[in-house]
Amino acid sequence: MADDKEMRADYDLNAKWDACLDLSLRRVVYSSLAGALGGLLLFRSPVTRWAAVAFGAGIGFGSAYSDCSHLFDKRVANSAPSKVPETPASQVVP
């Protein structure tokens, strides 16, 4: 029975990876296409058009990374709280 639970956890992890890769690929491609369309409509220079495509791909990658980290139950922001000294400024000796 223990092997069955380990197999389920392994399949669950594989399913999470599959979902994450599918989500990442879709978001990067769709946002790159949106950036290409926006660059084609708004800019004349090929450099700025490629910059719009790169910006769109970055937006898609960042969005996919955020959702995949939530899928794997990891936190992206504020992973470790910062340590602030609790000593008031009046008690600090120069």
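## Aromatic pair

Rings of Phe, Tyr and Trp (for Trp, the six-membered ring) are taken as a pair if their centres lie within 6.5 Å, and the planes count as stacked when under 30 degrees apart, as edge-to-face when over 60 and as tilted for the rest. By this rule the count comes to one aromatic pair. The ring centres of tryptophan 17 and phenylalanine 72 are 5.1 Å apart and the planes stand at 50°, so the pair is tilted. Tryptophan 17 belongs to helix 1 and phenylalanine 72 to the segment after helix 2, which places the two partners 55 residues apart.

Tryptophan 17 has a relative accessible area of 46% and is therefore partly exposed; the classes are buried for under 20% relative accessible area, exposed for over 50% and partly exposed in between, using a 1.4 Å probe and protein chains only.

## Basis of the model

This is a predicted model, in which local features need pLDDT of at least 70 and side-chain atom pairs count only at pLDDT 80 or more, while totals for chains, interfaces and linings use all residues. Residues are numbered from 1 along each chain as its sequence is written, and side-chain values use heavy atoms, with hydrogens and water left out.

## Overall fold

The chain has two helices and zero strands; helices (H or I, at least four residues) and strands (E, at least two) are DSSP runs numbered from the N terminus. Helix 1 covers residues 2-42, and helix 2 covers residues 46-71. The 26 residues of helix 2 should span 38 Å at 1.5 Å a residue, and its end C-alpha atoms are 37 Å apart, which agrees; the expected span is 1.5 Å times one less than the number of residues. Just after helix 2, aspartate 73 takes a positive phi of about 60°.

Of the 94 residues in the chain, 15% are buried. Among contacts (heavy atoms within 4.5 Å) between residues at least 6 apart in sequence, 69% join residues at least 24 apart.

## Disulfide between the helices

One disulfide is found in a search of the whole structure, a disulfide being a pair of cysteine sulfur atoms within 2.5 Å. It joins cysteine 20 to cysteine 68, with an S to S distance of 2.0 Å. Cysteine 20 lies in helix 1 and cysteine 68 in helix 2, so the link ties together parts that are 48 residues apart in sequence. The link is right-handed, with 120° about the S-S bond, and both cysteine 20 and cysteine 68 are buried.

Serine 24, also in helix 1, touches Ala64 and Cys68, leaving aside residues up to four places away in sequence. The side chain of serine 24 reaches the backbone oxygen of cysteine 20 at 2.8 Å, a polar contact (a pair of N or O atoms within 3.5 Å; within protein, one must be able to donate a hydrogen and the other to accept it, and residues adjacent in sequence count only if both atoms are side-chain atoms).

The buried residues of helix 2 are Ala52, Val53, Gly56, Gly60, Ala64, Cys68 and Ser69. An α-helix has 3.6 residues a turn, so residues three or four places apart point the same way. Serine 69 counts as buried at 9% relative accessibility, and a polar atom of its side chain lies 2.7 Å from the backbone oxygen of serine 66.

Leucine 42, in helix 1, is exposed, with a relative accessible area of 66%. Its C-alpha atom is separated by 9.5 Å from that of alanine 52, ten residues apart along the chain.
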